[in-house]
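Please brief me on the fold, the packing and a few local contacts of the protein shown below, with the cut-offs behind each term.

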Amino acid sequence: MATPARTPARTAARTTVRRRVLGAVAVAAAAAGVVTGSGAAQADPQSLVGDGAQAWHAYELVNAARVQNGLPALGLSDDANRVASDWAFRMAGDAQLKHNPDLSRQLNGWSLVAENVGVGADADQLQSAFMNSPGHRANILRPEVGVAGFGAVRSQDGRLWVVQVFEQPNGPVAGFHPAPAPAPAQTAAQTAPQALPAGGSDAPVLDRGAREVA
């Protein structure tokens with residue numbers, strides 16, 4: 001389940017607007033061999049690469065999950081994107097999965113914030129892990145949030161560090177970008193499977209079984 005931080009009265013009546021910071025309990029890795037924690041060696045900052053394509057895909061996956069569950073898609077905030085990206089670099093640099101203790105101070109104009117963090121092969125794998133964890137799923141499907149930010153960083157060992165930040169604003173959001181319109185339905189011809197050309201891709205093959213979320 002999601003665990004509140006700085007929220008001694010989480011069960012208080014919903015009619016009272018409270019500033020809340022929500023996280024989620026750690027979930028065990030799906031396979032052996034995932035190394036996290038204070039004992040892991042720190043990464044060379046020069047070896048870390050921000051992965052904007054995976055951050056955007058994580059955003060698409062979250063909105064798809066919300067729409068499938070009858071909830072509106074989330075818009076993006078420049079502020080939340082910056083905070084999420086900075087924290088993804090921090091986790092990857094420290095080689096340690098952990099929540100951002102300064103999240104509530106780094107964001108402005110909110111009445112609720114929540115965060116999911118994870119490390120694994122790619123955004124698809126981590127979204128599956130998040131949606132199969134009650135606490136992380138609850139953050140993604142919170143009906144009261146309307147703004148989000150995403151960060152994704154690839155470390156030298158090939159792992160992807162992802163941060164999802166969710167906000168319920170208490171006023172206008174500076175640097176707000178509404179959710180993109182849904183893509184038009186494709187025809188049968190457009191959705192027909194296509195074969196890859198001979199030779200395949202040079203992209204590295206990563207272990208999709210090693211993941212951890214918090």
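**The cap of helix α4**

Asp122 caps the N-terminal end of α4, where one of its side-chain oxygens lies 3.3 Å from the backbone nitrogen of Asp124. This is a predicted model, in which local features need pLDDT of at least 70 and side-chain atom pairs count only at pLDDT 80 or more, whereas totals for chains, interfaces and linings use all residues. Residues are numbered from 1 along each chain as its sequence is written, and side-chain values use heavy atoms, with hydrogens and water left out.

**Overall make-up**

- The secondary structure comes to five helices and nine strands, where helices (H or I, at least four residues) and strands (E, at least two) are DSSP runs numbered from the N terminus.
- From the N terminus on, the order of the elements is β-β-β-α-β-α-α-β-α-α-β-β-β-β.
- Of the 214 residues in the protein, 43% are buried, a term that means under 20% relative accessible area, with exposed set at over 50% and partly exposed in between (1.4 Å probe, protein chains only).
- The accessible surface comes to about 11,200 Å², of which 56% belongs to carbon and sulfur atoms; such areas come from the Shrake-Rupley method with a 1.4 Å probe, and for residues only the protein chains shown count as cover.
- Among contacts (heavy atoms within 4.5 Å) between residues at least 6 apart in sequence, 76% join residues at least 24 apart.

- Along β7, Leu160 is the bridge partner of Gly120, while Pro169 stands opposite Trp110.
- β6 and β7 also run antiparallel, joined by eight bridges, and Trp161 in β7 is the bridge partner of Val153.
- Five residues lie between β6 and β7 in the hairpin that they form, and Gly158 in the turn has a positive phi of about 95 degrees.
- Both β5 and β7 are mostly covered, with eleven of eleven residues buried in β5 and eight of ten buried in β7.

- The largest nonpolar core has 24 residues, of which Val62, Leu74, Ile140, Phe150 and Phe166 touch the most other members; a nonpolar core is a set of buried Ala, Val, Leu, Ile, Met, Phe, Trp, Tyr and Cys residues joined through side-chain atoms within 4.5 Å.
- At least two residues of this core come from each of α1 (52–68), β5 (110–120), α4, β6 (147–154) and β7 (160–169), and α1 gives the most, with six residues.
- Apart from this core lies another, of 19 residues, among them Val83, Ala84, Leu103 and Val113.
- Helix α4 (residues 123–131) is mostly covered, with seven of its nine residues buried, among them Leu126, Phe130 and Met131.

**The end of helix α2**

- Asp94 is found in helix α2 (residues 78–94), and Asp94 counts as buried because its relative accessibility is 15%.
- The side chain of Asp94 makes a polar contact with that of Arg90 at 2.8 Å, a polar contact being a pair of N or O atoms within 3.5 Å; within protein, one must be able to donate a hydrogen and the other to accept it, and residues adjacent in sequence count only if both atoms are side-chain atoms.
- Gly93 also lies in helix α2 and counts as buried, because its relative accessibility is 14%.
- Gly93 and Val153 are 60 residues apart in sequence, yet 9.5 Å apart in space, C-alpha to C-alpha.

Terms used
Pairing = 2+ DSSP bridges.
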